[in-house]
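Hello,

Here is the structure you were waiting for. My notes follow below it.

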Amino acid sequence: MTYQMLSIKNLESGYGKMQVLFGISLDVKPKDIAVLIGPNGAGKSTLLKSIFNLVDIYKGKIVFKNKDITKIPTHELIELGISYVPQGRQIFSTLTVKENLEMGAFLTKEKDLIEKRMKEVIESHFPDLGKKLDDYAFNLSGGQQQMLAVGRALMQDPQLLLLDEPSLGLAPKIMKELFRKIIEINQEGATIMIVEQNAKQATKIADKIYVLEDGKVALSGDKNILKDKRIEKIYLGGR
Ligand SMILES: Nc1ncnc2c1ncn2[C@@H]1O[C@H](COP(=O)(O)OP(=O)(O)OP(=O)(O)O)[C@@H](O)[C@H]1O
Ligand SMILES: [Mg+2]
């Protein structure tokens, strides 16, 4: 069996009595970019939240680097090397850029280490944020806020980065810039699972695409699956 960075088997999860995912199985190879697409309400965000242990898991198994992480609390998952950028810009708007980045490393006790990592994140990916370290996050543009959200997730130097629709609401030019950075982060070694509504963008970056529909994997494959006639039906029909 090939070694997987992430392996999900028959996952059933949701919110209390509201079951959302019904038997999801998928694998993500090390260094791959896996893209999740599917109509609104399909369960894409719930899948990422399941990996990060933020929802109720009723059945199934989530394995990260050969370790069963299904019941491991979120803060331990962060320590193991998983970071998550939620849908919407969940930054701390009344904190400064620097404080936001520091929050991304809240598990790190040594101040020097946090400073060092912040320098790395800024220098290698987000030089623009470096010029705004003392600005309040609410003063940043939408694109900069999203970059900050990703930068914060990089503060723990994750091996697996979960990104929930980072491009949502961004102007095309900013979106392209963000995707360039995501590819850079991937090339530096992080495995990425990203939810992306924009199918064209998804094809550009995906090693593997999973199409979710009604809490199940409806289709999966490489970029070519977007040519599949069923995709249109999944998006237009169904719900
Ligand atoms: N906190 C919650 N409590 C109860 N039900 C929820 C909660 N969050 C989401 N749901 C429900 O779970 C289902 C799947 O939602 P989810 O957010 O995972 O979909 P999605 O594929 O990410 O959609 P979108 O493209 O709109 O972001 C929906 O029916 C939604 O109403
Ligand atoms: Mg969502």
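Buried here means under 20% relative accessible area, exposed means over 50%, and partly exposed is in between (1.4 Å probe, protein chains only). This is a predicted model, in which local features need pLDDT of at least 70, side-chain atom pairs count only at pLDDT 80 or more, and totals for chains, interfaces and linings use all residues. Residues are numbered from 1 along each chain as its sequence is written, chains are lettered from A and ligands numbered from 1 in the order in which they are written, and side-chain values use heavy atoms, with hydrogens and water left out.

The magnesium ion (ligand 2) has S45 (OG) and Q87 (OE1) as its protein donors, 2.0 to 2.1 Å away. S45 is in α1 (residues 44-51) and Q87 in the loop between β6 (82-85) and α3 (97-103), so the pair ties together parts 42 residues apart in sequence. Donors are N, O and S atoms within 2.8 Å of the metal (3.2 Å for Na, K and Ca); water is not among the atoms, so sites may look incomplete. S45 counts as buried at 17% relative accessibility, while Q87, at 32%, counts as partly exposed.

Six strands form an open sheet of mixed pairing, in the order β6-β7-β8-β3-β9-β10. Two strands pair if DSSP finds at least two bridges between them. β7 (residues 160-164) and β8 (residues 191-195) pair in the parallel sense over five bridges.

Regards

Technical notes
Helices (H or I, at least four residues) and strands (E, at least two) are DSSP runs, numbered from the N terminus.
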